[in-house]
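Subject: Structure handover

Hello,

Here is the structure we spoke about, with the sequence alongside. My notes follow below it.

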Amino acid sequence: MNKEQQELRKKSPVQIKNKKASFEYFFVDTYTAGIVLTGTEIKSIRLGKASLVDAYCYIINGEIWMKGMNISPYFYGSYNNHESKRERKLLLNKREIRKLHEATKQVGFTIVPILVFIDQNGRAKVDIALAKGKKMFDKRQTMKEKEDKREMDRARKHY
């Protein structure tokens, strides 16, 4: 991901992050994918009413799907409203899907969504990562690094 893409993500009015994923996994590679949504789903995402907490991705028949993403029903949706935890198809190149499929065949690798954002054209995009699960001692190390960084920031503020 280059600096220009990072700047666009920072300017996005909606940024729904999966904070738990960085604690549970090491990110090996990241991709940006489109999401196939219905009308009420995109309206809920634009209002920030979505969650990636238990979401993960899997590949079936050369297509990549995201399961577990919760998009709250749209308040004004009436009878057209969507199901909040349905499986959603992601849009990637066949080459990228093939690469991810080969990588996930190895033990310990999975695909996790990291961030949902709205691009400059108003479409919802999701950053997904090929991830390797952390062991317990890796998680402790991550917590220790966070704690140390927090302590250093506190010390800097006092002086």
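**Helix α4 and its cover**

Helix α4, residues 94-104, has Ile97, Leu100 and Ala103 as its buried residues. Buried means under 20% relative accessible area, exposed over 50% and partly exposed in between, with a 1.4 Å probe and protein chains only. Helices (H or I, at least four residues) and strands (E, at least two) are DSSP runs, numbered from the N terminus.

**Source and conventions**

This is a predicted model, in which local features need pLDDT of at least 70 and side-chain atom pairs count only at pLDDT 80 or more, while totals for chains, interfaces and linings use all residues. Residues are numbered from 1 along each chain as its sequence is written, and side-chain values use heavy atoms, with hydrogens and water left out.

**Overall**

The protein has 5 helices and 9 strands, in the order α-β-α-β-α-β-β-β-β-β-α-β-β-α along the sequence. Its C-alpha trace spans about 55 × 40 × 30 Å along the principal axes. Of the 159 residues, 35% are buried. Among contacts (heavy atoms within 4.5 Å) between residues at least 6 apart in sequence, 67% join residues at least 24 apart.

**Core**

The largest nonpolar core has 28 residues. Such a core is a set of buried Ala, Val, Leu, Ile, Met, Phe, Trp, Tyr and Cys residues joined through side-chain atoms within 4.5 Å. Those with the most contacts inside this core are Ile45, Ile64, Met69, Leu90, Leu100 and Ile128. Two or more residues each come from β2, α3 (39-46), β4, β5, α4, β8 and β9, and β9 gives the most, with 4 residues. Leaving out residues up to four places away in sequence, Met69 touches Ile45, Ala50, Ser51, Leu52, Ala55, Ser84, Lys85, Arg88 and Val116.

In β8, 8 of the 10 residues are buried. Strand β8 runs antiparallel to β1 (residues 15-17), joined by 3 bridges, and Lys17 stands opposite Leu115 in β8. Strands β8 and β9 also pair in the antiparallel sense, over 9 bridges; two strands pair if DSSP finds at least two bridges between them. Ile111 stands opposite Leu130 in β9. The hairpin of β8 and β9 has 5 residues between the strands, and Gly122 there takes a positive phi near 85 degrees.

Lys132 lies in β9, residues 124-133, and counts as partly exposed because its relative accessibility is 35%. Beyond its neighbours within four places in sequence, Lys132 is in contact with Glu24, Tyr25, Phe26, Val28, Val107, Gly108 and Phe109.

**Aromatic pair**

The whole structure holds 1 aromatic pair. Tyr56 and Tyr58 form this tilted pair, 6.3 Å centre to centre with 45 degrees between the planes. Rings of Phe, Tyr and Trp (its six-membered ring) pair if their centres lie within 6.5 Å; planes under 30 degrees apart count as stacked, over 60 as edge-to-face and the rest as tilted. Tyr56 is partly exposed, at 37% relative accessibility.

Regards
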